[in-house]
Amino acid sequence: MNHDQQQDPRSEAPQDALNAHGRTRRRLSKAALGTAPVLMTLHSAPLKAAGANCMPSGWVSGNTSRHDEPQECGGRTPGYWSGSANNNSTNLNSAAFQNHPTWRQAVEEGIAFASDYGFPGMTNDYRQHAESVGPGNSGKPGKPGKPGKSDNSAEEIPLTMLGAVAASNSVLGLTGVPHERQIIRFGAAALLNARYTPGYPLSEQMVRDIVTDTLVDGYYIANSGDRLEPEQVKAFLENTMDTPTWGP
């Protein structure tokens, strides 16, 4: 039975066919989530009858086994979550930050991509320039990733969640995985959708598994046993955000 299509976003992560390293990373990720502070509290979304294309197994097989149109999955785009951030300027009055105060707080505090709030199992050393992306009207000079430092344009800091989701930000430390930057961007957006968008069909843990496995191991194994390569993972995640498709 394909468990992808009816998984409750509040349930545990799917039991994928992973190697020992992947399973260890999952245990560490879940343990970290259990000790996260209030800012990191998980938000659940109500279950919806999602289209088959909104789960990895259904998306992969749908192009050959189904004759209906793919359905909207309800996710918001990276542009929405970034507030259309440009270098050194993020509009904290945009809808994403006004509607989701804890996301705004994470941005103001420069919460990292590899963190309990983001992807705690991420072992890749992604970085960004300290002044590459940050709230332009934060009023907090001297904080990493925010205006106020005039002499450290070359300083590198851990990649932030805002830096991950913002198209204008350059990510340092890429490992060479195909479509790596876009998987980081759409993966960060998918995690924010899982946390804040009612009815989004992917759970936070599923998003973390998909993104972490792909970026660290170079592929993701769905419940069905289908192997998704990086190009497919990028396309699948994008499919959940306003551009529904069937997989190749």
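Biologist: Does Ala222 count as buried or exposed?
Modeller: Keep in mind that this is a predicted model. Ala222 sits in the loop between strand E3 (220–221) and strand E4 (227–228). Its relative accessibility is 2%, and the cut-off for buried is under 20%. So Ala222 counts as buried.

Biologist: What separates the C-alpha atoms of Ala222 and Ile210?
Modeller: Along the chain, Ala222 and Ile210 are 12 residues apart.

Biologist: How many helices and strands does the protein have?
Modeller: Let's walk along from the N terminus: the elements run α-α-α-α-α-β-β-α-α-α-β-β-α. Sorted by kind, that comes to nine helices and four strands.

Biologist: Which cysteine does a disulfide join to Cys54?
Modeller: A pair of cysteine sulfur atoms has to be within 2.5 Å to count, and by this rule there is one disulfide. Its S to S distance is 2.0 Å. The partner of Cys54 is Cys73.

Biologist: How many residues apart in sequence are the parts that this disulfide pair ties together?
Modeller: The link of Cys54 and Cys73 is left-handed, with -95° about the S-S bond. Cys54 lies in the loop between helix H1 (20–34) and helix H2 (56–65), while Cys73 lies in the loop between H2 and helix H3 (78–82). So the pair ties together parts that are apart in sequence by 19 residues.

Biologist: And is Cys73 buried or exposed?
Modeller: Cys54 has 0% relative accessibility, so it counts as buried. Cys73 also comes out at 0%. That makes Cys73 buried.

Biologist: Why is H7 largely enclosed by the rest of the structure, and how many of its residues are buried?
Modeller: Helix H7 covers residues 180–196, which is 17 residues. From its first C-alpha to its last it reaches 24 Å, close to the 24 Å expected. H7 is largely enclosed because of its buried residues, and they number 16 of the 17.

Biologist: At roughly what angle do the axes of H7 and H9 cross?
Modeller: Helix H9 is made of residues 230–239, and its axis comes within 9 Å of the axis of H7. The crossing is left-handed. The angle is roughly 35°.

Biologist: By class, what residues does the contact of H7 with H9 have?
Modeller: On the H7 side are Gln182, Ile183, Phe186, Gly187 and Ala190. They meet Pro230, Val233, Lys234, Leu237 and Glu238 in H9. By class, the contact has six nonpolar, two polar and two charged residues.

Key:
Residues numbered from 1 in each chain as written. Predicted model: local features only at pLDDT ≥ 70, side-chain atom pairs only at ≥ 80, totals over all residues. Heavy atoms only, no water. Helix = DSSP H or I, 4+ residues; strand = E, 2+ residues; numbered from the N terminus. Expected span 1.5 Å × (residues − 1). Buried < 20%, exposed > 50% of the residue type's maximum accessible area, 1.4 Å probe, protein only. Axes fitted to C-alpha atoms, helices over the stretch in contact; angles between N-to-C directions. Left-handed = near helix turned anticlockwise from the far one by under 90°. Contact = heavy atoms within 4.5 Å. Nonpolar A, V, L, I, M, F, W, Y, C, P; charged D, E, K, R; others polar.
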